[in-house]
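Subject: Handover of a structure and the findings on it

Dear colleague,

Please find below the structure that I am handing over to you.

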Amino acid sequence: MAATGLSRTTLTDLSRVTESLKMLAPNWSVWVLMTLSAGHLRYSDVKAKLALLADGQLHPKLTKLVDAGLVERTEHGPRNVTYGLSSRGAALMPVLPALNTWADTHLEKPLAPDKSTGVLEPQSVAAAQNIEDAIALISPRHSTPLVWALRARGTAGAKALAAEVMPHYSLSRVYPPLRRVIDDGLVQVTGSGDFQLSASGQALAPVYQALSAWAAGRPLTDEATHPLWGHAPTPSQTRSGPYLTTQSRLSDPPASPAPAQAQALSWKTGDLFSHRIPARPLSVSPAGGQRR
């Protein structure tokens with residue numbers, strides 16, 4: 001069959017999602033956005049809340065978020081400037097629960113000894129850090145199209161994935177991004193040498209549906225017009241189809257998965273700062289989940 005790649009509608013939607021991820025991917029961007037979610041703050045106030053960021057780091061991040069349209073800078077007078085979320089940045093806040101839930105369920109957690117027993121146990125991770133870790137994992141180029149294509153196909157070989165996701169490249173170009181999503185625990189190799197999504201890759205459905213809706217300026221509950229939403233594909237499907245509307249985040253799916261949007265609507269912004277800001281990068285050794 002001649003390679004035609006993804007449909008124009010799907011390419012448009014995937015482009016929106018990947019550009020959104022790229023916009024949010026730089027370290028500390030989510031922390032800055034969540035710091036500003038409580039209201040407009042002066043630079044010194046933002047700096048005090050994100051003390052681990054040096055002046056040379058915070059100012060460029062604020063500038064980039066302003067340029068991206070997620071933060072607005074307001075001059076009230078000489079030396080009196082505040083920063084706050086724009087309407088676009090505020091609309092992003094209900095999207096974040098899906099990212100946090102996925103990371104908290106599927107990514108490893110740092111270990112620390114229990115005070116009473118001395119046994120190493122997984123520690124809680126701040127939701128904002130969870131979100132940044134999830135974004136860093138799925139934001140690299142071609143990761144999202146590969147995950148989407150495998151969700152639609154079920155299983156596929158490298159040649160089929162290259163034809164669909166990277167139709168204008170040689171076959172060999174598909175292997176580096178494939179190795180990356182395998183190393184990141186999103187894709188696994190079948191016994192026949194084909195590729196399929198892992199449980200954590202399947203569980204990305206609520207993440208992509210929320211990001212896609214936000215990127216297109218649609219309400220999060222607008223399932224009818226969502227190019228990547230729909231029903232799970234049947235085993236006979238061999239071409240691209242819609243992404244699953246609701247998907248369990250657990251390795252063993254429950255009988256009746258809860259709709260992702262119901263959880264998103266119950267999100268409380270303040271919950272993102274339920275834990276302290278990490279003083280150092282999290283460990284990359286597996287500890288209760290795939291690596292961060």
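Two strands are taken as paired if DSSP finds at least two bridges between them. Helices (H or I, at least four residues) and strands (E, at least two) are DSSP runs, numbered from the N terminus. With these terms, Thr74 has Thr82 in S3 as its bridge partner.

The model is predicted, so that local features need pLDDT of at least 70 and side-chain atom pairs count only at pLDDT 80 or more, while totals for chains, interfaces and linings use all residues. Residues are numbered from 1 along each chain as its sequence is written, and side-chain values use heavy atoms, with hydrogens and water left out.

Overall picture

The secondary structure of the protein consists of 13 helices and eight strands. Of its 292 residues, 46% are buried; buried means under 20% relative accessible area, exposed over 50%, and partly exposed in between (1.4 Å probe, protein chains only). A contact means heavy atoms within 4.5 Å. Among the contacts in the protein with a separation of 6 or more, 66% join residues 24 or more positions apart.

Confidence is expressed as pLDDT, the predictor's confidence in each residue, from 0 to 100. The protein averages a pLDDT of 77, and 73% of the residues score at least 70. Over residues 223–272 pLDDT stays under 50, and the model has 112 contacts beyond four places in sequence for this stretch. Residues 274–288 also have pLDDT under 50, with 29 contacts beyond four places in sequence.

The sheet and its surroundings

Three strands form an open sheet in the order S1-S3-S2, with antiparallel pairing. Strand S1 (41–42) and strand S2 (71–77) stand at the edges with a single partner strand each, so one side of each has no neighbour in the sheet. In general, strands of a sheet pair through backbone hydrogen bonds, either parallel or antiparallel.

S2 and strand S3 (residues 80–85) are joined in the antiparallel sense over six bridges. These two strands form a hairpin with two residues between them, and Gly77 stands opposite Asn80 in S3. Arg79 lies in the loop between S2 and S3 and has a phi near 55 degrees, a positive value in a residue other than glycine. Arg79 counts as exposed, because its relative accessibility is 80%.

Helix H2 (residues 29–36) lies across S1, S2 and S3 and runs at about 105 degrees to S3. Axes are lines fitted to C-alpha atoms, for helices over the stretch in contact, and angles run from 0 to 180 degrees between N-to-C directions. In the loop between H2 and S1 is His40, which is partly exposed with a relative accessible area of 41%. Not counting residues up to four places away in sequence, His40 touches Glu72, Thr74, Thr82, Tyr83, Gly84 and Leu85. At 17% relative accessibility, Trp28 counts as buried.

Helix contacts

The axes of helix H1 (residues 8–24) and helix H12 (residues 205–215) come within 9 Å and cross at roughly 95 degrees. H1 and H12 are therefore roughly perpendicular to each other; angles under 35 degrees count as roughly parallel, over 145 as roughly antiparallel, 65 to 115 as roughly perpendicular and the rest as oblique. On the H1 side, the residues in contact are Asp13, Arg16, Val17, Ser20, Leu21 and Met23, which meet Tyr208, Leu211, Ser212, Trp214 and Ala215 in H12. By class, this contact has seven nonpolar, two polar and two charged residues. Here Ala, Val, Leu, Ile, Met, Phe, Trp, Tyr, Cys and Pro count as nonpolar, Asp, Glu, Lys and Arg as charged, and the others, Gly among them, as polar.

For helix H6 (residues 96–106) and helix H7 (residues 127–138), the axes come within 8 Å and cross at roughly 85 degrees, which makes H6 roughly perpendicular to H7. The contact of H6 with H7 divides into 10 nonpolar, two polar and one charged residue.

Yours sincerely
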